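Please prepare a short briefing on the fold shown below.

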Amino acid sequence: MGTPTCIICKASGDTAGNMLEKCHARQKIKILGSHRKFSCDMCDIHLSEQEWLDNHFTGDKHSWVADRVEKLLPVQFIPIDMIVVDKTQINPYTGVPEFWQEFRCVVCKVGFSPIDRYKKHVGSLFHLRRSAGEDVKWIDGMN
C-alpha cells in the first residue's frame, strides 16, 4: 500500500493520521506564517509567544468556548454583519464640520469608531455570547 502522502502539500507519514498532522502543520505555517507557532484551534487564536497562549488558556473567553465545544453547542451561529454609518458634527470650538464613519454591530446593536475598535469587539467574549444567543447586557464603557 505504501506511505500515506498528501497530494497537495506532499507531506507523508507512517500512518494517515501522522500524515494529516504534518499536512495540517504545513498549511498552518503557509497561512499564518512561521512566527505564529502557538495556537488554540478551538478559539481560532494563533500567537507568537507560548506565554500569551498560556494566558489565553486561563482566560474567560477560552473557558467559555471550551465549555460550549465540550457540550457540542455552537460557539457563534449568527453571521457577522456590519453597518457603516457616515456621521457628522460641528466642532464646537472651530465651527468646522467633522466627518467620520461609525461601524455598527447588528448582533449587539452597538457602534464603534475607528474600525479597530469594531474588530476588537467582534473578537470579544461579549460578542461571542450574544452571537451564540445568550441574553447578555451591554454596559457603556465595557466590552
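The expected span of a helix is 1.5 Å times one less than its number of residues. The model discussed here is a predicted one.

**Helix α1**
- Helix α1 covers residues 16–32, a run of 17 residues.
- From its first C-alpha to its last, α1 reaches 24 Å, which is close to the 24 Å expected at 1.5 Å a residue.
- Met 19, Cys 23 and Leu 32 are the buried residues of α1.
- These buried residues of α1 pack against β2 (45–47).
- Just after α1 comes Gly 33, which takes a positive phi of about 95 degrees.

**The sheet**
- An open sheet is formed by three strands in the order β3-β4-β5, and the pairing is antiparallel.
- Because β3 (82–90) and β5 (110–112) stand at the edges, each with a single partner strand, one side of each is left without a neighbour in the sheet.
- From one strand to the next, the twist averages 35 degrees.

**Pairing of β4 and β5**
- Strand β4 comprises residues 97–105 and pairs with β5 in the antiparallel sense over three bridges.
- Cys 105 stands opposite Val 110, a residue in β5.

**Helix α4 and the sheet**
- Helix α4 (residues 115–122) lies across β3, β4 and β5.
- The direction of α4 is at about 10 degrees to β4.

Definitions and conventions
Residues numbered from 1 in each chain as written. Predicted model: local features only at pLDDT ≥ 70, side-chain atom pairs only at ≥ 80, totals over all residues. Heavy atoms only, no water. Pairing = 2+ DSSP bridges. Helix = DSSP H or I, 4+ residues; strand = E, 2+ residues; numbered from the N terminus. Axes fitted to C-alpha atoms, helices over the stretch in contact; angles between N-to-C directions. Contact = heavy atoms within 4.5 Å. Buried < 20%, exposed > 50% of the residue type's maximum accessible area, 1.4 Å probe, protein only.
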